[in-house]
Amino acid sequence: NGDNDCPGAVTKATIKTSKRPVGQNGLLQNLSLKSKSTTPMLQRLALLRPQLRRLERSPCVSQSAQEQIRELLELFDHLDRAERRLGTLREKDKALDDSIRREFAEIARWCDASLDN
């Protein structure tokens, strides 16, 4: 039927069975995605990368498909960098928000104290 003509090929069944939490297969540790900025999207990319690399090395994949896989992997790298940068910016933004809140509360207390005198 042609389903097993290419040993090691990624099939729909392989993809379905890989939908387990990322921590179970150690990908987070291998890809150092354990930081606070780990998102479901980054976790999913961590699961897809090895499958795409295996598919790329398969002798049953055409040159054009291999090129498309390489482009996908490059896109994944770009998304990874952008997601990490976004996480860093969110952390900085939160720190600034917290600082502004503290300073505003301090000013409000000072104004209340000034009005009471």
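**Salt bridges and a bent helix**

Student: How many salt bridges does the structure hold?
Tutor: The structure holds 6 salt bridges. Keep in mind that this is a predicted model.

Student: Which residue meets arginine 70 in a salt bridge?
Tutor: Glutamate 56 does, at 3.1 Å from N to O. That pair links distant parts of the chain: arginine 70 sits in helix 4 (residues 63-116) and glutamate 56 in helix 3, 14 residues apart.

Student: Is glutamate 56 buried or exposed?
Tutor: Buried, because its relative accessibility is 16% and the cut-off for buried is under 20%. Arginine 70 is partly exposed at 32%.

Student: Which residues are linked with them in a network?
Tutor: The salt-bridge network links Glu56, Glu67 and Arg70.

Student: What does aspartate 80 pair with?
Tutor: Arginine 84, with the closest N and O atoms 3.2 Å apart. Aspartate 80 is buried at 15%; arginine 84 is partly exposed at 23%.

Student: New topic. Where is the kink in helix 3?
Tutor: At leucine 48, shortly before proline 50. The kink is about 25 degrees.

Student: And what span should helix 3 have?
Tutor: Its 18 residues, at 1.5 Å a residue, should span 26 Å. The end C-alpha atoms are 27 Å apart, which agrees.

Technical notes: Residues are numbered from 1 along each chain as its sequence is written. This is a predicted model: local features need pLDDT of at least 70, side-chain atom pairs count only at pLDDT 80 or more; totals for chains, interfaces and linings use all residues. Side-chain values use heavy atoms; hydrogens and water are left out. Helices (H or I, at least four residues) and strands (E, at least two) are DSSP runs, numbered from the N terminus. The expected span of a helix is 1.5 Å times one less than its number of residues. The bend at a residue is the angle between axes fitted to the seven residues ending there and the seven starting there. A salt bridge is a side-chain nitrogen of Lys or Arg within 4 Å of a carboxyl oxygen of Asp or Glu. Buried means under 20% relative accessible area, exposed over 50%, partly exposed in between (1.4 Å probe, protein chains only).
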